[in-house]
Structures are given as C-alpha cells and as structure tokens.
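Morning, everyone. Let's get the structure up on the screen and walk through it.

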Amino acid sequence: MHCMLDKLPLELLEFICDELETHDLASLLGTCRQTYHRTIHRLAQRYSEVHLDFSKGSLNQIHAIANNEVMRQQVQRLVVMAPEPFLGRNLDWQRSAAGHILNPLEVPTIRQFRNDLVDKLVNCRSFIISPLGSHLAPEEDNTDAPDDRHFSPDDAASILLDIIADSALPVKLFWYGRGTNYNSDIMNIQRLPKALFTSPRFRSGWGSLTNLHLEHKLTPNNYSFLLNMLLNTPNLRKLYLSLAPKDLAIEFYSHVAKSDALSCVLERISLCYTAIRPSDLMHILSWSRQSLKRLVLTQVGGISADLPQLHDHLISYPCLENLDFRMCQ
C-alpha cells in the first residue's frame, strides 16, 4: 500500500489527507517513513489549538507533540474547556493551607509541561480557560473528592499563571471565564497564586499580553486580583470584560478610569453584561483615542441616556471604524 501512496503526486496525497479524520490521518502517517515525511505537515496543521484537561494523559499528549519538530511549530493555543470532573485526573494534587495547589511546578508531569511550553512549544503563547458544565459528564458526578479538593478551572489558571511567573513567559492571549453551560462561580481567590503581581518575572511575561478576555462574577475577594490582571497589561490591544454584579462593576470601572496604568494602545474594547458610569466609560476610552478601532457595548447598564453624548465624543477618534451598541440600559 505504501508503495502506491509514494507514487501519488503530492497535491493529490494532500487532498486525501484533508478528507481524512484526524485518527485516520495519523494511521496513514504510520504506514511508512516516506509517507510520514510527505504528510506530517498536514496532520500538524490540525494542532494549532490543543485541548488540555490537566490529566496525566493530556499532559503526556502535549509532551509527545512538543517532541515532534514539525508538529510543535504549529501549536498556537492551549484550551482548557473539559467538564470539571475530567480536569486533573490521574495526578496527586496537594494543597497549601491557603487553598491553592502546593508547589505545582515540583510535580514531575507539570514540570515537564512547563519545560515543553517554554523550550519547545515556542509559538504557543495563548491560553483559553472556558470550562463546560459538569453535567456533561454524569458518570463522573459521584466522585469521592470533596468540592474543596477537586481540580477546578481556577487550578488550571493557577498553574498557567505560575508558569508565567517562573519563566517570564511572554503570553499573548489569556481568556479566563465561564464557558458554555457552565453555572458555577469561577475565580475562587483561594485557588489562585498569592503575591503574583509582585513578581518581576510574572509582570514581565504578563506585560506582553495583547488580548485579555475576562468573564467573571465580581466579589470583594477577587476584585483586586481582576483589577491587577487588567492594569498590568501595558501592551494590550484587545479587551473583553463581562463583570457583574452591577454595583461592584461600577466601582471596578471607576478604579480603572482613575488609573494611569491602563493600556493606551487598545484597538478593540468589548464590555458586555455589566454596568459603568458614562463619565468613566468616556475616560477609559480616551486613553486609547489614537488607536481605538472598534467599540462593542452589549447589555451595559447605566449609559442609555448618554449614548448620543458618547457618539459625539467618539467622532474625534481617528481610527474608529465600528461601533456596536446592543440593548444598553
């Protein structure tokens, strides 16, 4: 069989590869060395986005990809979106008295993951944590692990943030929030690293961020952490914020408006399902007057009466191309 494949024109062989499911394509690569070298790039292209659930199996899969010189060049993003009962399986997680995972980088599999990410997956600098609801895995619902001990999306975020702090990893995208059909609260501050923003290496890596997506329920406990996540991003270009409840969100944006640490090169700002004072919104936008290209406001409370004034305010923005206001109150 492999002799026949070797005689096919490359264009035809690549067409066949594109029609195969990933599992079948991987089997095709294994038919012979010549076929492998002619088609490995077609398989690699399917791994620009790799899903990760922090189980031992998924971390070993990433290790295998990292050790393949062709495939590792294609990986751009790591996505954590498995149902919670599937997260962190087959690994022994120890917790500190403060509640976060104790020394995660000393766990051999996580240390291996850290090294793969830093040294081999050099194009992978985007991380998406958008978990699915646990009801999608009913067979795992009766796990014996107590709620305060099971591996959560916040634990996944904590490990990634620890890796950034340890290696000054220049992250590009960090998407952290609720996923489809996910009803539990995200961002339990007890699960997240302590004193993160005092680390020079973390601030160096986090300072490279160009795209930040935060979708959270604000609480007095996570308020400062979220504020620091936003105000330590001097090179940010795209920002999505969905923060509630209304009263805390208004206070949050007031702090942002008064800060001189907000990025002044934002090109896209999206505020959704939140609330803000019109004066604070216009002050925040003014920081990026010379760069702002798109503004999206979706179900934002507190600004409906001032939308005409906001339109007039934005006329002078030289790069603004698109305004999208939906159901603002």
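Start with Glu267. Glu267 is partly exposed, because its relative accessible area is 27%; buried is under 20%, exposed is over 50%, and partly exposed lies in between, with a 1.4 Å probe and protein chains only. Glu267 sits in the loop between α10 and β7 (268–275). Leaving out residues up to four places away in sequence, Glu267 touches Arg237, Ser291, Leu292, Lys293 and Arg294. Contact here means heavy atoms within 4.5 Å.

A word on the model. This is a predicted model, where local features need pLDDT of at least 70 and side-chain atom pairs count only at pLDDT 80 or more, while totals for chains, interfaces and linings use all residues. Residues are numbered from 1 along each chain as its sequence is written, and side-chain values use heavy atoms, with hydrogens and water left out.

Now the helix pair. Helix α10 (residues 246–258) packs on helix α11 (residues 278–286) at about 40°, axes 9 Å apart. So α10 is oblique to α11; under 35 degrees is roughly parallel, over 145 roughly antiparallel, 65 to 115 roughly perpendicular, and the rest oblique. From α10, the contact uses Ile250, Tyr253, Ser254, Val256 and Ala257; from α11, Asp280, His283 and Ile284. By type, that contact has five nonpolar residues, two polar and one charged.

Last, the whole chain. There are 12 helices and nine strands, where helices (H or I) are DSSP runs of at least four residues and strands (E) of at least two. Of the 329 residues, 51% are buried.

How values were computed:
Axes fitted to C-alpha atoms, helices over the stretch in contact; angles between N-to-C directions. Nonpolar A, V, L, I, M, F, W, Y, C, P; charged D, E, K, R; others polar.
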